[in-house]
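Please look over the sequence and the structure below. A short report on selected loops, a helix pair and a ligand site follows.

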Amino acid sequence: MSVKLLKDIEDVLAEVNNAIPEDLREELSDIMDNLRGNMNKIEENGSRASSIVKGILLCSRGKDNEYIPANLQQLTHEYVWLSYHAVRANNKSFNVTITEKYADDVPLLRIIPQDLSRVVVNLMNNACYAVFTKAKEASETPYAPAITVGLKRAGDSAELTIEDNGCGIPDEAKEHLFTPFFTTKPVGEGTGLGLSISKSIIEGKHNGTLVMETKANEFTRFTVSLPIEK
Ligand SMILES: Nc1ncnc2c1ncn2[C@@H]1O[C@H](COP(=O)(O)OP(=O)(O)OP(=O)(O)O)[C@@H](O)[C@H]1O
Ligand SMILES: [Mg+2]
């Protein structure tokens, strides 16, 4: 989509350029450059708006908003790999070792499966991005990208953790993480909605908590805790 639009922009600019009498072209070249810059910005922000709207629509789909007893381990496993394959499909050079550690003492949980799958995908996408970013930067030292996914019972809660050994989160970003539209990713790669949506799913709709721990350039771990009903 965006490739096509960019091509159209060049077509339009070529047409405008052709319409300008030759002796004026040099004089107007700054204006043409400005026009090109502004048209590209419009295109970029258009596709950003489009992915934001898609994200919001996905989140607010009403008919699947039903709490049902579900196997969180099965759901997590399924969506961890879905996310991995989606990232791989876009970046053939992406690689990571995924380790899954599931305890067998977690009962079925009353959740909205569709919502929880979004949380797993959001956290996994972020983890994949973080290890990929570090892999691209760490050219000299050997670096083995790794993501560990865990699920266990902790008292009256089920605890799901997704930990990566990627770039980590710097102090100045920590306080903004769950703020809608906060992103450090380039336009088109992130809308900054993943964590805020995940937090509202876990804390607003499932009475749980979503907590982050990190050390810059070492690891990031997100922990989802969900209450186990008696
Ligand atoms: N595992 C992680 N490692 C390092 N940084 C992270 C991690 N998870 C999130 N972040 C930081 O938090 C920011 C916000 O994350 P969030 O998921 O809300 O948005 P996004 O990933 O930028 O965009 P979107 O999820 O909407 O595609 C990211 O841009 C990134 O800077
Ligand atoms: Mg994200």
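## Loop residues, a helix pair and a ligand shell

Tyr67 is partly exposed, because 13 other C-beta atoms lie within 10 Å. The model is a predicted one. Tyr67 sits in the loop that links helix 3 (29–59) to strand 1 (68–70). Apart from neighbours within four places in sequence, Tyr67 is in contact with Arg110, Ile111 and Ile112. Lys205 is 138 residues away from Tyr67 along the chain, yet their C-alpha atoms are separated by 9.8 Å.

Lys205 also takes part in a helix pair. In helix 7 (194–205), Lys205 is one of the residues that meet helix 5. The helix 7 side of this contact also includes Gly194, Leu195, Ile197, Ser198, Ile201 and Ile202. Helix 5 (113–137) brings Asp115, Arg118, Val119, Asn122, Leu123, Asn125 and Asn126. By class, the residues of this contact are 6 nonpolar, 5 polar and 3 charged.

How do the two helices cross? The axes of helix 5 and helix 7 come within 9 Å and cross at roughly 145°. The crossing is left-handed.

Helix 7 has 12 residues. From first C-alpha to last it reaches 16 Å, close to the 16 Å expected at 1.5 Å a residue. Its buried residues are Gly194, Leu195, Ile197, Ser198, Lys199, Ile201 and Ile202. Asn207, with a positive phi, follows the helix.

Now the ligand. Which residues come nearest to ligand 1? Of the 22 residues around it, these are Asn126, Ala130, Thr183, Gly190 and Gly194. Helix 5 and helix 7 are the elements that give two or more residues to this shell. Helix 5 gives the largest share, 4 residues. By class, the shell has 9 nonpolar, 11 polar and 2 charged residues.

Two of the nearest residues return from the helix pair. Asn126 comes among the nearest to ligand 1, and in helix 5 it is part of the contact with helix 7. Gly194 is likewise among the nearest, belongs to the helix 7 side of that contact, and is buried.

Key. Residues are numbered from 1 along each chain as its sequence is written. Chains are lettered from A and ligands numbered from 1 in the order in which they are written. This is a predicted model: local features need pLDDT of at least 70, side-chain atom pairs count only at pLDDT 80 or more; totals for chains, interfaces and linings use all residues. A residue is near a molecule or strand if its C-beta atom, placed from the backbone, lies within 6 Å of it. Ala, Val, Leu, Ile, Met, Phe, Trp, Tyr, Cys and Pro count as nonpolar, Asp, Glu, Lys and Arg as charged, and the others, Gly among them, as polar. The expected span of a helix is 1.5 Å times one less than its number of residues. A residue is buried if 20 or more other C-beta atoms lie within 10 Å of its own, exposed if 12 or fewer, and partly exposed in between; C-beta atoms are placed from the backbone. Axes are lines fitted to C-alpha atoms, for helices over the stretch in contact, and angles run from 0 to 180 degrees between N-to-C directions. A crossing is left-handed if the near helix is turned anticlockwise from the far one by less than a right angle, and right-handed if clockwise. Two residues are in contact if their C-beta atoms, placed from the backbone, lie within 7 Å.
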